[in-house]
Amino acid sequence: MSVMEKVIRTPTELGDEAARFVGSLAPTVRGATLVTLKGELGAGKTTFTKAVAKALGVKEIVNSPTFVLEKIYLLDGQPFKRLIHIDAYRLSKGSDLAPLGFDELMKNADNLIVL
């Protein structure tokens, strides 16, 4: 596990960092790749996820899944087949992820999960 701290001042810098980050990821045989983002409300977690989605070629509008908890984006021509964006802000414990099928999602190496 690593924590990354970098000052990003512009949307272009954010997009560049997201592309660099995505380029550093690769599926594993052990299961999904899980990226966890931590920060207060308004810290930029969803904004970074949008930049990651764009770097992965997602054409759909990407917004916070605060009320639906999870959004799945299918990816074409990428190492991962799905980008799964989960907003756990309203969840109080890990078992709250069970209704989303989180354990199954984690078993699939084709999934890139941003939590």
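Gly57 comes after helix H2 and has a positive phi, near 85°. Helices (H or I, at least four residues) and strands (E, at least two) are DSSP runs, numbered from the N terminus. The model is predicted: local features need pLDDT of at least 70, side-chain atom pairs count only at pLDDT 80 or more, and totals for chains, interfaces and linings use all residues. Residues are numbered from 1 along each chain as its sequence is written, and side-chain values use heavy atoms, with hydrogens and water left out.

The chain contains three helices and four strands. Their order from the N terminus is α-β-α-β-β-α-β. Along the principal axes, the C-alpha atoms fill a box of roughly 35 × 30 × 30 Å. Of the 115 residues, 32% are buried. Buried means under 20% relative accessible area, exposed over 50%, and partly exposed in between (1.4 Å probe, protein chains only). Among contacts with a separation of 6 or more, 52% join residues 24 or more positions apart. Contact means heavy atoms within 4.5 Å.

The four strands form an open sheet with mixed pairing, in the order E1-E4-E3-E2. Two strands pair if DSSP finds at least two bridges between them. Strand E1 (33-35) and strand E2 (70-74) are the edge strands; each has a single partner strand, so one side of each lacks a neighbour in the sheet. From one strand to the next, the twist averages 15°.

Strand E4 (residues 111-114) runs parallel to E1, and three bridges join the two. Leu112 of E4 is the bridge partner of Thr33. Ile113 of E4 is the bridge partner of Leu34. E4 also pairs with E3 in the parallel sense, over four bridges. There, Ile84 stands opposite Ile113 of E4. Both faces of E4 are covered. Asn111 and Ile113 are buried on one side, and Leu112 and Val114 on the other.

Thr33 lies in strand E1. Its relative accessibility is 13%, so Thr33 counts as buried. Beyond its neighbours within four places in sequence, Thr33 touches Leu25, Ala26, Pro27, Phe80, Asn111, Leu112 and Ile113.

Two packed helices are described by the angle between their axes and the distance between the axes. For helix H1 (residues 11-23) and helix H2 (residues 45-55), the axes come within 8 Å and cross at roughly 65°. Axes are lines fitted to C-alpha atoms, for helices over the stretch in contact, and angles run from 0 to 180 degrees between N-to-C directions. The crossing is right-handed, meaning that the near helix is turned clockwise from the far one by less than a right angle. H1 contributes Leu14, Gly15, Ala18, Ala19, Phe21 and Val22 to the contact, and H2 contributes Thr47, Phe48, Ala51, Val52 and Ala55. These residues divide into nine nonpolar, two polar and no charged. Ala, Val, Leu, Ile, Met, Phe, Trp, Tyr, Cys and Pro count as nonpolar, Asp, Glu, Lys and Arg as charged, and the others, Gly among them, as polar.

In H2, the buried residues are Phe48, Thr49, Ala51, Val52 and Ala53. Their cover includes H1, strand E3 (82-86) and E4.
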